[in-house]
Amino acid sequence: TQRSEVPMISIIIPVYNGAEFIADTIQSVLNQSYTDWDLIVSDDGSTDAGLQIAEHAAEGRLRIVTHDTNTGTGATLNRGIRVSDPSKPFIFTLGADDVLTKDALLVLTEAIAGHGAVRGRAINIGPNTSLEAFYALAEGVVDTPPSKPRWGPVLIRRRLFQTCGLFDESLRHTTDGEHWMRLFGPDYTRKDRTTYTIVERVLLGRRQHAGQLLQSFKSYTPAQ
């Protein structure tokens, strides 16, 4: 897929002391078959070399937003969204320790047609799993029951953030799970209710390690 003059997706990566894994995370973005995106790393007061590693890994395709103190995932994601280009119709958030399959963004952009959001599947990977090893693991997963792989990557139309608000900054974790429930949960009553769809394919590797920042859907059960 060729890049247009204005990328369609703003990718937001919240990071706090992410030096150990962020190079693989960014490389998995650079490896995307869909290239119509721009990338923002929103830092939450890191004290390690993660930002320098990110800049080196991103090959010039990166904007960094910094903050002096640690404020939690919600505030860090929101800072990235606020500085992103409002002309880009889609928002995609990615943990600084997670990795994408090569066609993840392409699959999600094709599936979102007619919907407000689309969600793929994820598998857990270990701290020592290489990018190539993850690609092989993801290709080998045929059946992805929701009870086993964690809820995966989500592509959301920007207008939903404009109408329903940004992430809850009072939560330090599970912020995307709360936001999803706000958009699509059983108490959702907005008149312009939108829909979402699920892609039954593994598109993301969620790295399991101590000190994880983005803990998606750990405490929330998405509406079916």
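Two strands count as paired if DSSP finds at least two bridges between them, and helices (H or I, at least four residues) and strands (E, at least two) are DSSP runs numbered from the N terminus. What you have open is a predicted model, where local features need pLDDT of at least 70, side-chain atom pairs count only at pLDDT 80 or more, and totals for chains, interfaces and linings use all residues. Residues are numbered from 1 along each chain as its sequence is written, and side-chain values use heavy atoms, leaving out hydrogens and water.

Start by colouring by pLDDT, the predictor's confidence in each residue, from 0 to 100. The protein averages 83, with 81% of its residues at 70 or more.

Now select strand β8, residues 196–207. Zoom in on R119 and you'll find I198 of β8 opposite.

Next, pick β5, residues 99–100, which has the highest mean pLDDT among the elements, 98. β5 pairs with β8 over two bridges, this time antiparallel. V99 faces G205 in β8.

Hop over to helix α7, residues 175–184, the element with the lowest mean pLDDT, 80. Eight of its ten residues are buried, including W180, L183 and F184.

Last stop: residues 213–224. Here pLDDT stays under 50, and the model has 46 contacts (heavy atoms within 4.5 Å) beyond four places in sequence for this stretch.

How values were computed: Buried < 20%, exposed > 50% of the residue type's maximum accessible area, 1.4 Å probe, protein only.
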